[in-house]
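Dear colleague,

Please find the structure handed over below. My notes on what was found in it follow directly after.

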Amino acid sequence: MFDFLQAVVDGILFGTTYSLIGIGFTLVFGVMHKINMSYAAVSIGAAYAGLLAGSLIPGSSAWVVFAFALAFGGLFGYLVYLICFHLIPIRNENATLMSTVGMLLLADELVSHFTTGSPQAYPAMVEAENLRLGELSLRPDLIVVFIVSVICTAILLALLYRTRLGLATRAVAQQPVAAQLCGIRVVRVNAITFVVTGLLGGIAGALVCSAVGTLSILITGPLTVKGLIVTVIGGLGSVPGAIVAGLMIGGLENLFQHFRGVTERDLYVMLLLFAFLIFRPGGIFARGRGRD
Amino acid sequence: MEFYYGLAQTIGIHTLLGLSAYVILLTGQMSMAQAAFYAIGAYASGMLTVLWGWHIVPSLFAGAGLGALIAGLVGFPALRVKGLMLVIATLAFGEGIRLFFFNFDYQVQKGNIRVGPLGGEGFRQIRYFPENGWTSGEVMVFVWVFVVLVMALVWWLDRSRYGTVLRAVGDDELAAQSVGINLTATKVSAMTVGGAIAGLAGGLYAHYTTHIEHLAFGVVQSIFALAYPIIGGLSSVFGTLAAVIFVQGFLVEGLRDLGDWRNLLFGALIIVAMVVRPSGFLDAKMLSRFKRASRKGGASA
C-alpha cells in the first residue's frame with residue numbers, strides 16, 4: 001500500500017516539470033495558434049548552455065547554473081521566434097511547424113555534438129537526507145523542483161493576469177485582429193511570449209536534468225511527447241489545465257510503472273491521451289465549444 | 001555497385017514513406033503516425049514470410065492492408081480534433097505503436113533457431129531474399145517496381161476528381177463542406193491510403209534490412225516522412241522524390257565525410273528550406289514554369 005502511495009507522490013512531484021513544459025507549449029499555442037515542437041529540446045539545450053557557462057566560473061553553485069539556464073532559455077526562445085516564426089509567412093501552417101521540427105533536430109544534434117553523446121552530470125540543488133513523513137519518504141531535490149515550479153507558475157500567472165503585458169497577451173490570444181486595432185503591437189507580444197516561455201523552458205530543462213541527475217539528449221524525446229500530451233489533456237491554450245494535467249500524468253505514470261513495469265508504462269499514458277481525445281477532446285477544463 | 005543498389009533501395013522506400021504523408025497532407029492534415037503504419041507493415045509482412053512461409057508479394061499487400069485498416073481506425077477518433085491537435089494525437093499514437101512493438105513477443109521454433117519478434121531485441125532473420133537467391137540488383141528492381149507503381153497511382157489520384165476533393169478540403173474545409181463534400185469520408189480515406197502506402201514501404205524495408213526493431217520506427221522516422229513532401233512541395237509527387245534524393249542521396253550518403261556535422265545540417269536544412277521556400281522546392285509557380293518550358297521544347301521539335 002505504501003509502495004503504491006510512494007510511487008504516486010514521487011510521480012506528482014516529478015510531474016511539476018511536465019507542467020512547466022506543458023505551460024510553455026500551451027502559452028505559445030494560446031497566443032499564436034502554433035505549436036513550437038522544438039520547445040523541450042531547446043529547453044534542454046538551455047540547461048546545457050547553463051551548465052557550460054556555470055562551469056566557466058570556478059566554485060559556482062547549482063543556483064548559478066540555474067540562473068544561466070534561465071537566461072539562455074530566454075535568449076534561445078527569442079532566437080526560435082526569430083528564425084522559425086518571424087522569417088516564415090505565418091499563414092503557412094506546414095512551413096512554421098516543420099521549421100520548429102527542424103529546430104528540434106538541430107538543438108538535439110548540437111547538444112549531442114558538444115557532449116559527444118555522453119550524459120553529463122547535472123548538479124542537484126540540495127543534498128540532504130530524504131524527508132520522512134510517516135512511512136512515506138520524500139526526495140528533498142524533488143520537493144525543491146516542486147517548489148520552484150510552483151513559484152514559476154505563480155509568477156507566470158501574476159504576469160498574465162495582473163500586468164498590462166499579460167492583458168495584451170490575453171487580448172492577442174483571444175482576437176489578434178481586434179487586439180491590433182486597439183493598438184497592441186502583435187509582433188512584439190508574440191516575441192515576448194517566446195522569451196517568457198523560453199525563460200520557463202530554461203528553468204524546466206534545468207529542473208528536469210537535476211531531478212534525473214544527468215543531462216542527456218535521450219531526455220528530449222520523452223519530454224517533448226509528455227509535454228505535448230500534457231498540453232492536450234489540459235486543453236490546448238489552457239494554463240491551469242496544463243498544470244493539473246502535468247501533475248496527473250506524473251502521478252499516473254509512476255502508478256502504471258508500479259503495476260505494469262517500466263517498458264509498458266508509456267503505453268498506458270498514450271491510452272489515457274486517447275481516452276481524453278475521444279471523450280473530452282477539449283481537455284480537463286473544457287467549457288463547451290469556444291471561438292474558433 | 002552493391003552500395004548504389006542499397007542507396008537506390010533506401011531512396012525508393014523513403015519515397016514511399018514520403019508519398020504516404022503526401023496524400024494526407026493534401027487534405028491539410030499532418031500525421032505524425034506514419035512511422036507507426038510503417039512499423040505495422042514491416043512487422044506484419046515480415047511475420048507472414050518468416051513464420052508462415054508466405055510469398056513476398058501477398059505478404060506485402062497484407063502489410064499494406066493492415067496499415068490501411070489501422071490508419072482508417074485511427075482516422076475516426078483523431079478527426080474529432082483538428083490541425084495541431086491532430087499532430088499531437090498522431091504523434092502519441094505513433095509512440096504508442098512503437099512501444100507496443102517494444103513489448104511484443106511472438107517466437108516460433110524453426111529448425112534449430114527461434115524466429116519472430118522478440119521485444120526490445122527486435123525481429124531478426126527476415127531472410128526471404130537471401131533464402132530465395134535474390135541478388136541485390138533484383139531486390140532493387142523489385143522495390144522500384146512498387147515505387148513507380150505507387151508514384152503513378154498517387155500522380156493519377158492527384159489529377160482525378162478524388163484528388164481535387166482532397167485539395168479542396170486542404171485549401172478550405174468550410175468551403176469544401178458547403179459544396180457538399182463529406183469531410184469525414186475524405187479525411188479518413190486519405191488517412192487510409194496513406195496508411196496503405198506506409199505499410200507497403202514497411203514491408204519492403206523489413207525484407208531489405210532483414211532485421212527490424214522498435215527504434216527504427218520512432219518519431220524521427222515520422223518527421224522524415226513529413227519532411228520530404230513539405231520540403232519538396234505539395235504541388236506534385238515529383239517534389240517528394242526530389243526531396244528524398246536530395247536528403248538521402250546528398251545529405252545522408254554524399255556528406256558521410258562530414259561525420260556527425262551532417263546530422264546538424266539536416267535540422268538546419270529543414271529550417272533554411274522553410275525560410276527560403278515555405279511552399280517547398282517544387283511549388284506551383286516552379287511547376288508551371290517547367291510545364292511552359294517543356295511545351296515550348298515540344299513545339300520547336
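A:Ile90 lies in the loop that links α3 and α4 of chain A. The model is a predicted one, and the remarks here should be read accordingly. Leaving aside its neighbours within four places in sequence, A:Ile90 is in contact with A:Phe85 and A:Thr96. The C-alpha atoms of A:Ile90 and A:Ala179 are separated by 17 Å, and the two residues are 89 residues apart along the chain.

B:Thr210 is located in the loop between α9 and α10 (219–232) of chain B. Its phi is positive, at about 70°, although B:Thr210 is not a glycine. Most residues other than glycine have a negative phi. B:Thr210 has 16 C-beta neighbours inside 10 Å and therefore counts as partly exposed.

I turn next to the helices of chain A. Helix α2 (residues 39–56) of chain A has 18 residues. From its first C-alpha to its last, α2(A) reaches 26 Å, close to the 26 Å expected at 1.5 Å a residue.

Helix α5 (residues 140–162) and helix α6 (residues 164–174), both of chain A, pack at an angle of about 75°, with their axes 5 Å apart. An angle from 65 to 115 degrees counts as roughly perpendicular, which is why α5(A) is so described relative to α6(A). On the α5(A) side the contact is made by A:Leu159, A:Leu160, A:Tyr161 and A:Arg162, and on the α6(A) side by A:Leu165, A:Gly166, A:Thr169 and A:Arg170. By class, this contact has four nonpolar, two polar and two charged residues.

In chain B, helix α7 (residues 161–171) packs with helix α9 (residues 183–209) at an angle of about 110°, their axes being 10 Å apart. The pair α7(B) and α9(B) is therefore roughly perpendicular. B:Val165, B:Leu166 and B:Val169 of α7(B) meet B:Leu183, B:Thr186, B:Lys187 and B:Ala190 of α9(B). These residues divide into five nonpolar, one polar and one charged.

Finally, the contact between the chains. It takes 37 residues from chain A and 34 residues from chain B. On the side of chain A that touches chain B, α3 (62–86), α4 (93–114), α9 and α11 (262–279) each supply at least two residues. Helix α4(A) gives the most to that side, with 13 residues. The residues of that side of chain A divide into 27 nonpolar, seven polar and three charged.

One helix pair spans the two chains: α9 (residues 220–234) of chain A and α4 (residues 83–102) of chain B pack at an angle of about 130°, with their axes 10 Å apart. They are therefore oblique to each other, and the crossing of α9(A) and α4(B) is left-handed. The contact is made by A:Val225, A:Leu228, A:Ile229 and A:Val232 of α9(A) with B:Met85, B:Ile88, B:Leu91, B:Ala92 and B:Glu95 of α4(B). Eight of these residues are nonpolar, none is polar and one is charged.

With kind regards

Conventions: Residues are numbered from 1 along each chain as its sequence is written. Chains are lettered from A and ligands numbered from 1 in the order in which they are written. This is a predicted model: local features need pLDDT of at least 70, side-chain atom pairs count only at pLDDT 80 or more; totals for chains, interfaces and linings use all residues. Axes are lines fitted to C-alpha atoms, for helices over the stretch in contact, and angles run from 0 to 180 degrees between N-to-C directions. Helices (H or I, at least four residues) and strands (E, at least two) are DSSP runs, numbered from the N terminus. Angles under 35 degrees count as roughly parallel, over 145 as roughly antiparallel, 65 to 115 as roughly perpendicular and the rest as oblique. A crossing is left-handed if the near helix is turned anticlockwise from the far one by less than a right angle, and right-handed if clockwise. Two residues are in contact if their C-beta atoms, placed from the backbone, lie within 7 Å. Ala, Val, Leu, Ile, Met, Phe, Trp, Tyr, Cys and Pro count as nonpolar, Asp, Glu, Lys and Arg as charged, and the others, Gly among them, as polar. The expected span of a helix is 1.5 Å times one less than its number of residues. A residue is buried if 20 or more other C-beta atoms lie within 10 Å of its own, exposed if 12 or fewer, and partly exposed in between; C-beta atoms are placed from the backbone.
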